[in-house]
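Welcome, and thanks for taking a look at this one with us. Please have the sequence and the 3D view open side by side as you read.

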Amino acid sequence: MASVIDSLDDQLAEWIHAQPVFFVASAPTDGGHVNLSPKGHDSLRVLGPRSVAYLDLTGSGAETIAHTRQNGRLTIMLCAFDGPPRIVRLFGTGTAHPLGADRFAELATRFPELPGARSIVELEVDRIQSSCGYAVPFMAFDRERPTLRQWAARKTPEDLRDYWAAKNAASIDGLPALDH
């Protein structure tokens, strides 16, 4: 059964941090494509009782950034792949803070230094919902894939800016994303 939780207490924050993968969902206001992205690399942090943020790494698209710019609607979902079954969804309003923004600099110290970081997406949570997760399979975490880090580490800051301008300036629906 689903239940609504009042806040992200220390126990829930510890569980969230222990999950090796989380999922981010967003959508444009009218029509368009719903985006659902898996995230890893120890990039999610609980900031407070109703606030989280994740370090957004360079990718082939920038849907979440575009959607948060347009309407802010954002959901983060985590599920237990080991231990007791559990799914937690964090619903709220997201804001993307691009590399170079003051808020990016304020939050960056909470995350590991990862090559290719392009923004920090902050979520002000208005609903925390937990459900059973009985249908989620058991899976063992082996290790993070090194490919994204290796790819980004080979790029200069100028190379990354050029990539962002070519691949991350707009969403697949044409919404503005990164301004770099």
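Predicted model: local features only at pLDDT ≥ 70, side-chain atom pairs only at ≥ 80, totals over all residues.

**The chain as a whole**
- The C-alpha trace spans about 45 × 40 × 30 Å along its principal axes.
- Buried residues make up 42% of the 180 in the chain.
- Among contacts with a separation of 6 or more, 72% are between residues 24 or more positions apart.
- Carbon and sulfur atoms hold 54% of an accessible surface of about 9,800 Å².
- The chain carries 18 positive and 22 negative charges, and their mean positions are 4 Å apart.

**Helix α2**
- Helix α2 covers residues 63-70 and is mostly covered, with six of its eight residues buried.
- Those buried residues are E63, T64, I65, A66, H67 and T68.
- Their cover includes the strands β2, β3, β5, β6, β7 and β8.
- Just after α2, G72 has a positive phi of about 75°.

- T58 lies in the loop between β5 and α2.
- T58 counts as buried because its relative accessibility is 4%, under the 20% cut-off.
- The T58 side chain reaches the backbone oxygen of G116 at 2.6 Å, and a polar contact of 2.8 Å links it to the side chain of W164.
- Beyond its neighbours within four places in sequence, T58 has contacts that include R118, L148, W151, L160, Y163 and N168.

Definitions and conventions:
Residues numbered from 1 in each chain as written. Heavy atoms only, no water. Buried < 20%, exposed > 50% of the residue type's maximum accessible area, 1.4 Å probe, protein only. Helix = DSSP H or I, 4+ residues; strand = E, 2+ residues; numbered from the N terminus. Contact = heavy atoms within 4.5 Å. Polar contact = N/O pair within 3.5 Å; in protein donor to acceptor, adjacent residues only side chain to side chain. Areas by Shrake-Rupley, 256 points an atom, 1.4 Å probe, with all protein chains shown as cover. Lys, Arg positive; Asp, Glu negative; His and termini not counted. Charge placed at Lys NZ, Arg CZ, Asp CG, Glu CD.
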